[in-house]
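Visitor: I am new to reading protein structures. Could you show me how to look at charged pairs and surface patches?

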Amino acid sequence: SALGGSRSGRLVLVMNYGEPGENRLTIKRYTSKKRRTDEGWEHDRITLEPLNPEYEAWDLDENARLAVIGEFVAVLEADD
């Protein structure tokens, strides 16, 4: 992450490279489980959780046709 530290719990913008005609962009909450290795830390599982409970969570793995393309860091207020 460009901001440093873990992305876990942050809101991310996700590109879905699935079937044509599907919604391509969505907002999800990034969660991950890590484990310690001899070389450092390694992801066991990365899950992209929907904000709307009517949708399913997605696992981000080597077979996923998904990419995190942005991270929400602040809401900017418009000047009047």
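Guide: Let us go through salt bridges and then a surface patch. Keep in mind that this is a predicted model.

Visitor: What is the idea behind a salt bridge?

Guide: Side chains of opposite charge can pair when their charged atoms come close.

Visitor: How many salt bridges does a search of the whole structure find?

Guide: The search turns up 2 salt bridges. In one of them, Arg-10 pairs with Glu-71, and their closest N and O atoms are 2.6 Å apart. Arg-10 sits in the segment before strand S1 (11-16) while Glu-71 belongs to strand S5 (residues 66-71), so this pair ties together parts that are 61 residues apart in sequence.

Visitor: Which side chain meets Arg-45 in a salt bridge?

Guide: That is Asp-59, with an N to O distance of 3.1 Å. Asp-59 is in strand S4 (residues 58-59) and Arg-45 in strand S3 (residues 40-50), so the pair links distant parts of the chain, 14 residues apart.

Visitor: How should I read the accessibility of Asp-59 and Arg-45?

Guide: Buried means under 20% relative accessible area and exposed means over 50%, with partly exposed in between. Asp-59 has 37%, so Asp-59 is partly exposed. Arg-45, at 43%, also counts as partly exposed.

Visitor: Which residues make the nonpolar surface patch?

Guide: Tyr-17, Leu-25 and Ile-69 make this patch, which covers about 290 Å². Leu-25 lies in strand S2 (residues 25-37). With a relative accessibility of 47%, Leu-25 counts as partly exposed.

Methods
Residues are numbered from 1 along each chain as its sequence is written. This is a predicted model: local features need pLDDT of at least 70, side-chain atom pairs count only at pLDDT 80 or more; totals for chains, interfaces and linings use all residues. Side-chain values use heavy atoms; hydrogens and water are left out. Patches are made of residues with over 30% relative accessible area and no salt bridge: like charges are joined within 9 Å, nonpolar side chains (Val, Leu, Ile, Met, Phe, Trp, Tyr) within 5 Å. Accessible areas come from the Shrake-Rupley method with a 1.4 Å probe; for residues, only the protein chains shown count as cover. A salt bridge is a side-chain nitrogen of Lys or Arg within 4 Å of a carboxyl oxygen of Asp or Glu. Helices (H or I, at least four residues) and strands (E, at least two) are DSSP runs, numbered from the N terminus. Buried means under 20% relative accessible area, exposed over 50%, partly exposed in between (1.4 Å probe, protein chains only).
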